Amino acid sequence: IDASLNEATNHYNSIVEKLKQIAIFHHAHLKTRMKDPDSLRQKIIDRVRSYPQSRAQMFRPEDLHDVIGARLIVKAGTPLHRFDSTKSVWARLLKIPEENIYEVEIKGGDKEC
């Protein structure tokens, strides 16, 4: 469990650093969060216990979703606002495997921030 927590923390720190650079370049506001370690630890324990012993596929840390969250808030009309919302584009931008991205959502129209 501790190894999974350390891995999540390392991913979080790496992604935050990359997003900070993007935020600075695009004059964006960055909000990030990582699931509380105690909450994450309990979620892992609960998930492991929920898997039957006879099941061929056992629990894997990558089965957890929503461990890390990030939001870039940009002014409408900026290049980042019109950026592609596909996972592959953001995976290349952040230099992480596409399977590590659970969801990309771009909200707001041209008149909104």
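**Reading a predicted model**

Colleague: Where is the place of Lys95?
Modeller: This is a predicted model, in which local features need pLDDT of at least 70, side-chain atom pairs count only at pLDDT 80 or more, and totals for chains, interfaces and linings use all residues. Residues are numbered from 1 along each chain as its sequence is written, and side-chain values use heavy atoms, with hydrogens and water left out. Helices (H or I, at least four residues) and strands (E, at least two) are DSSP runs, numbered from the N terminus. By that numbering, Lys95 is in the segment after H3.

Colleague: What is the phi of Lys95?
Modeller: Most residues other than glycine have a negative phi. Lys95 is not a glycine, yet its phi is positive, at about 60 degrees.

Colleague: Is Lys95 buried or exposed?
Modeller: Buried means under 20% relative accessible area, exposed over 50%, and partly exposed in between (1.4 Å probe, protein chains only). Lys95 has a relative accessible area of 68%, so it counts as exposed.

Colleague: What do the buried residues of H3 pack against?
Modeller: Val89, Trp90, Ala91 and Leu94 are buried in H3. Contact here means heavy atoms within 4.5 Å. The buried residues of H3 pack against H1 and strand E2 (68-73).

Colleague: How many salt bridges does a search of the whole structure find?
Modeller: A salt bridge puts a side-chain nitrogen of Lys or Arg within 4 Å of a carboxyl oxygen of Asp or Glu. Lys20 and Glu17 form one (3.4 Å, N to O), and these residues lie three apart in H1, about one turn of the helix. Asp38 and Arg41 form another (3.5 Å, N to O), with both residues in helix H2 (residues 37-50). The number found is two.
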